[in-house]
Amino acid sequence: MNPVTEPHDLLVDKVMTELPAWLPAQRWFGGKDRPVTAVRPLRTCVLSAGEPVLVHLVVEVQQPDRREPYQLLVTDLVENYDATTEPELTGRLLDLIAADTEVDGLVFAHEPDVELQSGLRGRPITSEQSNTSLVFGSQYILKLFRKLTHGENPDLVLHRALHLVGCEHIARPLGSITGTLDGQPTTVGMLQQFLPDAVDGWAMATTSVRDLMAEGDLHADEVGGDFAGEAQRLGQAVATVHGDLERALGTEHADDEDIERTVRAMVTRLDTVAEAVPELLPYVPALRGAFEQARDTPGAIAIQHIHGDLHLGQVLRTVQGWLLIDFEGEPGAPIAERTSLRSPLRDVAGMLRSFDYAAHQLLVGRPEDHQLAVRALEWSRRNRAAFTEGYAEAAASSVGDPRGRGHLLRAFELDKAVYEVAYEYANRPEWLTVPLSSIARITGEGAR
Ligand SMILES: Nc1ncnc2c1ncn2[C@@H]1O[C@H](COP(=O)(O)OP(=O)(O)O)[C@@H](O)[C@H]1O
Ligand SMILES: O=P(O)(O)O[C@H]1O[C@H](CO)[C@@H](O[C@H]2O[C@H](CO)[C@@H](O)[C@H](O)[C@H]2O)[C@H](O)[C@H]1O
């Protein structure tokens with residue numbers, strides 16, 4: 001007699017056949033620039049066996065040059081099988097975390113001293129991101145990491161460490177979901193305090209840029225939506241978080257070997273990206289020169305745990321001030337790099353890049369508009385200066401004033417721009433001009 005095929009087995013079989021076509025259409029899928037050659041299931045956890053079925057699935061996505069694990073939550077309730085869009089179903093995840101329990105090898109836990117309200121529905125946030133986040137009531141936000149990295153996710157590790165030293169610029173970590181990847185316990189979800197009134201820095205900054213662009217004869221400091229005061233406070237917040245990370249997890253000084261490794265990594269990334277994106281090729285010699293100059297930075301270079309992918313979309317303005325979110329590092333970088341000790345100037349560089357992005361994204365599709373280009377540069381310079389000023393005011397002694405670190409800061413900024421070239425090429429090709437035009441400006445004009 002044939003064994004009875006359970007509804008969840010049928011569902012998983014159907015999902016597996018559709019994934020090669022479905023995955024590349026998802027914003028969070030990191031391999032959109034190359035074909036999916038196969039998808040195979042790695043681990044299945046049945047959270048509900050029927051009416052409707054809810055299955056947590058870890059799959060390995062195979063592409064010509066890589067094999068990467070991704071997390072999915074699937075159901076037979078909706079046609080595309082994606083359960084994360086179904087608030088009634090995702091509420092179950094919060095209930096399991098609140099109950100501190102284990103289902104089929106998936107461990108749901110709340111943080112010590114945290115008592116959670118259960119019975120809430122989990123609605124997905126609408127902004128398009130690298131992961132999928134669900135909001136429960138006005139209290140909690142659960143991030144389901146899409147591409148999985150073995151072990152504890154740095155987002156959870158750094159949030160916990162910062163919470164323990166009383167950091168005021170993060171959302172409190174409240175719980176986690178841990179699965180298993182190749183036998184290693186691996187974070188698949190993180191629950192945090194949700195700030196319902198928060199506005200992200202990108203929305204605020206681009207509103208300010210639009211205000212300036214709309215006022216033909218006013219300068220950035222004269223228009224109502226001037227952002228410089230916020231940029232300065234943001235600089236202070238970032239420096240404070242760096243100080244808190246240093247207190248929580250320590251700091252070291254980079255030796256010659258560390259610096260050499262950093263320069264080599266920047267050059268290697270440049271070569272890899274230039275091979276894939278021909279538009280970058282004309283800038284390779286100047287970029288290589290800028291990376292090699294980083295060796296000449298005078299004085300000791302402090303290294304520590306940092307945010308790793310800091311930009312205006314990773315900071316939230318709340319009534320209490322600025323919060324930093326998403327300490328996962330660059331989604332495209334290897335985990336060893338994302339968890340290594342690095343100069344906090346990398347975060348400063350990331351944020352400086354972001355001011356440049358906010359100013360110049362309005363020029364996408366209208367590169368000939370000289371007047372707008374001048375105004376964009378004015379906005380960017382004003383806010384970059386305000387941010388750096390704020391950072392210098394609050395920086396702990398080991399980090400100090402970024403303005404005294406010209407070569408290094410410039411190299412980090414250009415390295416980030418190279419990363420962005422790869423990111424835009426894979427995700428938003430029409431935005432490729434944003435990092436490319438910055439590279440042209442920075443390498444053409446020298447350090448600003
Ligand atoms: N604690 C929070 N309170 C309010 N909104 C949040 C919070 N954490 C994240 N968000 C919102 O969710 C979005 C995605 O969060 P993020 O951690 O950056 O996810 P991803 O890793 O997918 O980029 C943010 O841009 C922000 O708008
Ligand atoms: O998904 P994440 O937020 O972890 O980060 C990735 O996506 C970002 C875009 O959403 C990308 O950031 C780049 O674009 C931003 C504007 O959309 C800009 O503010 C950043 O400065 C720029 O780097 C980020 O690089 C990528 O890792």
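**View 1. Salt bridges across the model.** The count comes to 32 salt bridges, each a side-chain nitrogen of Lys or Arg within 4 Å of a carboxyl oxygen of Asp or Glu. This is a predicted model, in which local features need pLDDT of at least 70, side-chain atom pairs count only at pLDDT 80 or more, and totals for chains, interfaces and linings use all residues. Residues are numbered from 1 along each chain as its sequence is written, chains are lettered from A and ligands numbered from 1 in the order in which they are written, and side-chain values use heavy atoms, with hydrogens and water left out.

**View 2. The Glu-230 and Arg-317 pair.** The two side chains form a salt bridge at 2.9 Å, N to O. Glu-230 sits in helix α5 (residues 228-249) and Arg-317 in strand β14 (residues 315-318), so the pair ties together parts that are 87 residues apart in sequence. Helices (H or I, at least four residues) and strands (E, at least two) are DSSP runs, numbered from the N terminus.

View 3. The contact draws 19 residues from domain 1 and 20 residues from domain 2, where contact means heavy atoms within 4.5 Å.

**View 4. Buried area between the domains.** Domain 1 and domain 2 bury about 1700 Å² between them, with 63% of it on carbon and sulfur atoms. Buried area is the accessible area (1.4 Å probe) that two parts lose on being put together, summed over both. Leu-158, Val-165 and His-169 supply 34% of the area that domain 1 buries against domain 2, more than any other three residues.

View 5. Between domain 1 and domain 2 the count is one salt bridge. The side chains of Asp-326 and Lys-143 meet in a salt bridge at 2.9 Å, N to O. Helix α3 (residues 154-164) gives the largest share of the side of domain 1 that touches domain 2, six residues.

View 6. An unreviewed UniProt entry places "domain: Maltokinase N-terminal cap" at residues 22-76; UniProt positions follow the numbering used here, feature names are shortened, and annotations may be inferred rather than shown by experiment. Residues 22-76 are 2% helix and 60% strand, and their end C-alpha atoms lie 16 Å apart. A cis peptide bond joins Glu-51 and Pro-52, with omega about -10°. Pro-52 lies in the loop between β1 (38-49) and β2 (53-63).

**View 7. Asp-113.** Although not a glycine, Asp-113 has a positive phi of about 65°. Asp-113 lies in the loop between β5 (106-110) and β6 (122-124).
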